[in-house]
Amino acid sequence: MAAIVVLLPLFFSSAYYYRVAALVFVFALASIGLNLLMGFAGQVSLGHAGFMGIGAYAVAIGPTHLGVASWLSFVIGAVLSALVAFVVGRPILRLKGYYLAVATLGFGLLLAIVFTNEARFTGGPDGMAVPRLVLFGSSVWGAQSWYWIIAASFLVGAVLALNLIESPTGRALRAIHDSEVAARVLGVDVAKAKLAVFVVSAIYASVAGSYLALLNGHITPDVSGFLRSIELVAMVVLGGMGSIAGSLVGAALLVVLPQTLTFLHDYEHIALGLIVMAVMVFLRAGIVPTLARALDLRRA
Amino acid sequence: MPEFLQFAFSGLTVGAVYALVALGFTLIYNASDVINFAQGEFVMLGGMATVFLGLAGVPLPLAACLAIVATVAVGLALHRFAIEPARGAGAVVLIIITIGASIFLRGAAQVVFDKRFHSLPPWIGGDAIRVGGATILPQSLVVLGGVVVIVVLLWAFIERTLIGKAMVATAANELAARLVGIDTRRIVGLSFAISAAIGAVAGILITPITLTSYDVGTLLALKGFAAAMLGGIGSAVGAVVGGLLLGLLEAFAAGYVSSQYKDAVAFLVILIVLLAIPRGLFGRASVERV
């Protein structure tokens with residue numbers, strides 16, 4: 001994956017490519033977090049864009065209204081997301097399956113509504129401008145610099161996630177995925193493990209949201225909307241649940257596809273819907289796991 | 001008091017539509033364990049197809065019937081070409097397929113119809129009826145009456161016909177249903193057809209009041225899903241009660257608290273209810289097998 005990050009820019013002929021690639025890594029980062037929750041612990045969240053919203057508005061409101069430096073706002077956003085996830089996660093993670101889905105959905109929606117209506121701070125539905133990040137006395141700008149910063153963060157996030165999966169906590173999570181009761185019988189503190197992964201995934205989403213805001217220089221309540229949450233879930237499932245590389249592929253697909261399909265104009269959504277359905281019908285385990293299995297079979 | 005009644009009337013009208021969407025979710029969920037996020041698009045198709053057939057000169061009652069038939073065809077196609085080929089896949093995968101279908105249908109509606117808002121004339125014209133100081137539109141009564149008719153028909157179909165019993169059997173245990181000779185694949189297809197029909201009727205009923213456009217489906221699916229969960233997924237009674245309750249909650253929140261925060265209040269109540277009763281109001285307690 002590191003090779004992809006370094007070699008990819010060789011093919012970029014304009015700033016536009018850097019921007020799209022940076023967007024892919026932003027969403028890949030959020031998807032990895034959600035994948036830890038969905039693919040490993042088996043808990044569906046339809047509200048993760050809410051945490052992206054917290055991260056995004058942190059870097060917007062911090063410098064604009066509170067006089068807090070961007071980088072500090074970035075960190076505060078992540079901490080705030082973790083705290084919110086901790087407080088909210090405790091009661092709602094007791095819910096199972098679709099009930100958890102609707103509870104997280106409600107949570108994300110609540111945040112989006114707050115961002116839309118507290119116009120004094122957030123600029124309301126029109127959103128607000130995000131001040132540039134100042135690091136070591138110089139401000140960061142341009143798609144190219146952001147590409148390297150975000151890509152590096154993505155690599156760090158991916159490595160951390162892979163480590164987590166191989167840790168005892170990761171094994172406990174997979175045990176919960178397979179059977180909560182069996183995991184509990186084996187001595188796994190199910191509630192604690194679920195809460196932990198929920199908090200971790202919220203931090204991933206928050207960091208991704210902060211990057212998204214800084215990259216775009218502008219933020220609207222859509223960042224934490226229902227459709228965003230659905231998009232994140234779709235990225236995880238399309239790429240492959242439980243596959244970190246899959247999260248990158250899923251994010252790449254759903255970020256790049258709409259950009260390339262614009263030539264279809266009005267037919268864009270028809271094509272997007274068809275592709276999503278076709279991938280799920282023919283590669284139901286997700287793109288990366290299905291292809292990996294196909295390769296294994298050929299080798300065997 | 002007139003204020004209270006007024007909010008109750010508008011809440012019940014909107015809630016009736018949520019109830020129908022939730023009922024659609026419930027039917028498909030019971031037959032196949034799938035949450036069909038394209039349910040809202042059925043509502044949109046029913047309304048939009050009627051509008052455009054009407055514009056093409058088809059008399060409205062006929063246009064409405066044709067719109068229902070068309071929506072049922074879409075529902076059957078969704079089952080045949082997207083759900084059926086993915087049989088045996090996990091629940092999340094099937095949900096993403098229905099979300100793909102929802103994006104596809106919205107895109108198709110935008111091309112076949114257009115991107116503007118449309119309305120239909122009310123079924124019964126005339127002035128608003130005054131009740132205890134509040135007013136209610138005749139069309140609201142049509143909507144509520146329509147919901148009652150649909151619920152009664154559905155109940156009669158499920159309880160009084162052999163096919164209905166087969167649907168109940170499939171919902172209870174698919175394997176056992178197959179063993180006694182029920183073609184469960186056709187039952188699932190049937191549940192998509194009935195859900196599509198219910199959605200289309202909901203769309204036709206509500207369009208004179210709330211207007212329709214190619215993208216009304218998303219929000220309706222969201223609300224219908226929330227209503228179904230509030231009532232307890234899998235319970236038809238729960239779906240109807242959940243839908244009406246959600247509509248009332250929104251109306252009272254908009255009236256007494258703040259119209260900007262009406263959705264927030266509604267979802268807050270849903271969260272609280274689910275935390276108190278994790279299976280929803282009418283949900284069955286399920287025993288997890290290890």
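**Figure 1. Helix α11 of chain A against helix α4 of chain B in the predicted model.** The crossing in which α11(A) passes α4(B) is left-handed. On α11(A) the contact uses A:I230, A:A234 and A:V237, and on α4(B) it uses B:V92, B:V93, B:I96 and B:I99. By class, these residues of the contact of α11(A) with α4(B) are seven nonpolar, with no polar and no charged ones.

**Figure 2. The side of chain B that touches chain A.** Here 37 residues of chain B are in contact with 33 residues of chain A. Three helices of chain B, namely α4, α9 (217-231) and α11 (262-276), each contribute at least two residues to this side. α4(B) gives the largest share, 14 residues. Divided by class, the side of chain B that touches chain A holds 30 nonpolar, four polar and three charged residues.

**Figure 3. Helices α3 and α5 within chain A.** Helix α3(A) covers residues 49-66 and helix α5(A) covers residues 97-117. Their axes are 8 Å apart and meet at an angle of about 30°. This angle is under 35 degrees, so α3(A) and α5(A) count as roughly parallel to each other. From α3(A), the residues making the contact are A:A49, A:G50, A:G53 and A:Y57. From α5(A), the contact is made by A:F107, A:G108, A:L111, A:A112 and A:F115. The contact of α3(A) with α5(A) comprises six nonpolar and three polar residues, and no charged ones.

**Figure 4. The fold of chain A around these helices.** Chain A contains 14 helices and four strands. Its C-alpha trace spans about 50 × 45 × 40 Å along the principal axes. The radius of gyration of chain A is 19 Å, which agrees with the value near 19 Å for a compact globule with 300 residues. Of the 300 residues of chain A, 54% count as buried. Among the contacts in chain A with a separation of 6 or more, 76% are between residues 24 or more positions apart.

Definitions and conventions. Residues are numbered from 1 along each chain as its sequence is written. Chains are lettered from A and ligands numbered from 1 in the order in which they are written. This is a predicted model: local features need pLDDT of at least 70, side-chain atom pairs count only at pLDDT 80 or more; totals for chains, interfaces and linings use all residues. Axes are lines fitted to C-alpha atoms, for helices over the stretch in contact, and angles run from 0 to 180 degrees between N-to-C directions. A crossing is left-handed if the near helix is turned anticlockwise from the far one by less than a right angle, and right-handed if clockwise. Two residues are in contact if their C-beta atoms, placed from the backbone, lie within 7 Å. Ala, Val, Leu, Ile, Met, Phe, Trp, Tyr, Cys and Pro count as nonpolar, Asp, Glu, Lys and Arg as charged, and the others, Gly among them, as polar. Angles under 35 degrees count as roughly parallel, over 145 as roughly antiparallel, 65 to 115 as roughly perpendicular and the rest as oblique. The radius of gyration is taken over C-alpha atoms; the globule rule is 2.2 Å times the number of residues to the power 0.38. A residue is buried if 20 or more other C-beta atoms lie within 10 Å of its own, exposed if 12 or fewer, and partly exposed in between; C-beta atoms are placed from the backbone.
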